[in-house]
Amino acid sequence: MKLAATIRGVTHSFGSVREVLAKANPPKSGDDLAGVSARDPVERVAARAALSQLTLAELRANPVIPPEEDAISRLVEDDLDESAFAAVKHLSVGQFREWILDTATTGARLRSVALGVTPEIAAGVCKLMSNMDLMVAGSKCEVVVRCNNTLGLPGTLSSRLQPNHPTDDVEGILYSTREGLSYGCGDAVIGINPATDTPESTAEILRAIGDIRTRNQIPTQQCVLSHVLVQMKALALDCPMDLMFQSLAGSERANKAFGIDVALMNEAYDLMQRRRSSTGPNFMYFETGQGNALSSDAHHGADQVTLEARAYGFARRYKPFLVNTVVGFIGPEYLEDGPQITRAGLEDHFMGKLMGLPMGCDACFTYHARMSQDELEGLKVLLGVAGCTYLMSMPVGDDIMLNYQSTSFHDVPTVRGLVRKSPAPEFDAWLASRGISSGWTPGKHLGDVSVLR
Amino acid sequence: MSLPLSRTRDLVAALRRARDADDPMPPRERLPPVPLPPQRVFPSPRRRSRLAEAAAAHTTALVGIGAVGTRYATDVVLQFQAELAVAHAAVATQLPAQWADTNQYVSLVSRVADHRQFLLRPDLGRRLSEESAARWAATCRKDVDVQPILADGLSAVATMGAGPVLMAAFIAECEARGMSVGTPVCARFARVWLQDEIGQLARAKVAAILLGERPGLGTGDGLSAYLVYSPALGRTDGNRNMMSNIHARGIPPVDAARRLAVLAQLMLEQRTSGVELDLAPRAAELGEAARGGYRAPVARARLVEV
Amino acid sequence: MPVLEALLPKVLSVRRLSGADPALLRAYGADPERHRALGLITVDQDDPAYVALDEATKHAGVDVVFARSFYAGSRHASGPLSGEFLGVIASHDPAEVDAGLDAILATLAHDACFYGANADSSIAVFPHVIASLGRYLSAIAGLAPGDPMAYLVAPPMEATIALDFALKAANVRLVKAFPPPTETNFAASWLTGDLPSCEAAAMAFAAAVCDVAAQPRER
């Protein structure tokens, strides 16, 4: 295994696969903060050159955190599909990139190797791709999941309706919910980040959303994004929980900072097998985001792209209905500006899809990051073209509880129209029955909440 | 297999040119004057829709704003851009170096060198510069109950706005409850955790940092307060209690000061803070602050009048 | 849409039978002694499809054994896959059928098509020039493979007037006329001559159809 490359006669050597992966990363303020990034653009390319020569088998054998030290590394090893891995293990990362981009490599082919792709492999090939490469590859991947409706079919673009409220005022949540539905939003999930993380308030919000869904016969899912332990307790309170949510990270220690471990997630999954209110077979919902391991000092000297892919390795065990990367939420110390946030959104979407996950993206920024509204609108269109499974949606993109800027109710039908994609078919039929929209064409009741009861 | 290019298509294109029918666009329509679009929308009271009116009683979310095609009405665009501009302006504003002196606070600075570094390196914003640490250790009042710290955080606009009023009211409320209060200090390029080092050097039982919070849309003037018992390097977020949205439209500074003093008193009584602190005994006096991380709803003000 | 823009044919279905039953082969005009595999295609425009099938005979070892237009055209189709035309090519070798189908699809996508003759394209014209006939159309036309031919189609009035212009525009002769009513109620004519003459005749035909479309009552 050669961990060096020569550029203009200067040989750059690296101490480990982890170092090669980190230094091959495009610039991210979070990697600078962690002290793992390349010292200059030339060293970065040298790291990519070294990375391109490593085989997928070598990447698998050298996870960025040794299995002895980390439960996520062990979980990835345990869950890996050996026959899928065997089909590609001899390829170098550079050759794997070319295979992925080849016209003859169809979505069906990519799906066949997905469960043999380790996080380090996904992150490695990601680092050799340009933004447009990531979009080409991401748009080829086919990941279709089913709960109360079907997400990820070709030609579809879904959205999470995110009617958060700073004090969990249920009426306030419902005002935003009805508004969002009237713009064709909410086929992925109607999901609320609660201000108060208690089983009672979780159950109360779920019942309120369940009511509006039943009354209007809306084919979608509801979820309250409280901590998994809180949701498990809420299940005992007899409430309609279609999806169970949890934030995930790419190392055991970072997950511990989230208050979870593998055993707890196994338990939560088993409980939902028996107690959920939805159809399935997919019913888990996970959120991730580059930098979340470093923020709890649990990055083990690895870069944030590789750690993000490791969170997908964790998520994959539970055959989730939804996974999304909350890409600009964490702040400029991890993703400084528009170009970094844009890049991260496309990276995460590609890596997740390559690993077989139904990836959505919360294209967003906090107000202290250097990203303009126009850049953010651009990212939403790029994600739509790249085949992103779903975007978020809230009134004018302004989350009045979490105080950040994301996708708006208006953006969802706009992006659908621009990239000619429809909502999930069951939801599309419902929207058409209410005159809200049909496919990507707005109907005469778009934005009219009076069609809802 | 490869086929020759289509000769017929070339011939038809030439014929089209010859017939002067080469413009690929259909002839333009003759339009009568375009009618004025219906007036929308939020949040001008005189134009507000009934739905927006009803919703405003429950939420500050911009609902009932209508749409033009799938996009916003011009009115909404301008309101939104104004809110965004206020937030960005608040983040970009820096606390002038002499501001602390002018307001008679001891002036400290973190290890951060400039504003960009402040945004990118939270670790440096959590530690005092060597010079500040030495000066503070040498001159501050020690062994106090409460060390009050005003800081810029992510909105110097908020610090320079309600900061001095909140600081003065908080000190007065603490003293009125018999607590000893440390030298009032103001820190630049400061993150929340800077309270650990400042409080530790003063050997304070409780450190309270009042700093500009990360702006939301249209709200660049909010302050947050974080209190920690037995401040020392290495404390984590689990050791802290916080209150946010301190400004005229949220929790007024005078109310906040009283509740924060009660919170400090509770820490002194129970000798702990954060998740271990039992807020129940004083829940009535603490109000919403008894709930962790509570955010008061903020009234949405119309920012653009034309 | 402005005049003389291409109106692209839609391929509605393409299937292959690699070992068709001898009875089926016979029923659709194939010879079980020589033919085993069939390629079938339906299209919403018939004349481009006849041209495309002929083209296939030049690129693959296939015979056109069946090609028919449906009554009253694709607006009155029997189903969404029917259009106004079914064509069948045959060979002993399924790979040859595939090659033939590829040639048909390419011709329909990039070469043979109707064009709009008025602003809303409610009148269509097919002024197609075949530089070199294949085995299929040459046999029907009584010409030799490799001969040029102008294949001209329009609605009855337009086609009749325009044929007169085409015949007078160049040194061409009428090989075959298909006066109305045909299955699709269009009228067609096949002209031959040297290639430049066929081209000139076809464009005179197209221009005349546009003129009739613009001034239907001009005496």
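The paragraphs below walk through chains A, B and C of a predicted model.

Local features are described only where pLDDT is at least 70, and side-chain atom pairs count only at pLDDT 80 or more, while totals for chains, interfaces and linings use all residues. Residues are numbered from 1 along each chain as its sequence is written, and chains are lettered from A, with ligands numbered from 1, in the order in which they are written.

Twelve helices and six strands are found in chain B; here helices (H or I, at least four residues) and strands (E, at least two) are DSSP runs, numbered from the N terminus. The C-alpha trace of chain B spans about 95 × 50 × 45 Å along its principal axes. Its radius of gyration is 29 Å, whereas a compact globule of 306 residues would have one near 19 Å; the radius is taken over C-alpha atoms, and the globule rule is 2.2 Å times the number of residues to the power 0.38. Of the 306 residues in chain B, 49% are buried. A residue is called buried if 20 or more other C-beta atoms lie within 10 Å of its own, exposed if 12 or fewer, and partly exposed in between, with C-beta atoms placed from the backbone.

B:Asp143 is not a glycine, yet has a positive phi of about 55 degrees. B:Asp143 sits in the loop between helix H7 (130–139) and strand S2 (146–153) of chain B, and counts as exposed because it has 10 C-beta neighbours inside 10 Å. B:Ser230, also not a glycine, has a positive phi of about 50 degrees. Its loop runs between strand S5 (223–229) and strand S6 (240–246) of chain B; B:Ser230 has 18 C-beta neighbours inside 10 Å, so it counts as partly exposed.

Next come the places where chains meet. Chain A brings 34 residues and chain B 31 residues to their contact, where two residues are in contact if their C-beta atoms, placed from the backbone, lie within 7 Å. On the side of chain A that touches chain B, H11(A) gives the most, with five residues. That side divides into 14 nonpolar, 14 polar and six charged residues. In this grouping, Ala, Val, Leu, Ile, Met, Phe, Trp, Tyr, Cys and Pro count as nonpolar, Asp, Glu, Lys and Arg as charged, and the others, Gly among them, as polar. Between chains B and C, 15 residues of chain B are in contact with 25 residues of chain C. The side of chain B that touches chain C has eight nonpolar, two polar and five charged residues.

Chain C holds an open antiparallel sheet of six strands, in the order S1-S6-S7-S8-S10-S9; two strands pair if DSSP finds at least two bridges between them. Strand S1 (6–7) and strand S9 (173–178) of chain C are the edge strands, each pairing on one side only. Helix H1 (residues 7–18) of chain B packs on this sheet, touching S1, S6 and strand S7 (124–130) of chain C, and its direction makes about 125 degrees with that of S7(C). Such angles run from 0 to 180 degrees between N-to-C directions, and axes are lines fitted to C-alpha atoms, for helices over the stretch in contact. Finally, the peptide bond from C:Pro180 to C:Pro181 is cis, with omega near -5 degrees, and C:Pro181 lies in the loop between S9 and S10 of chain C.
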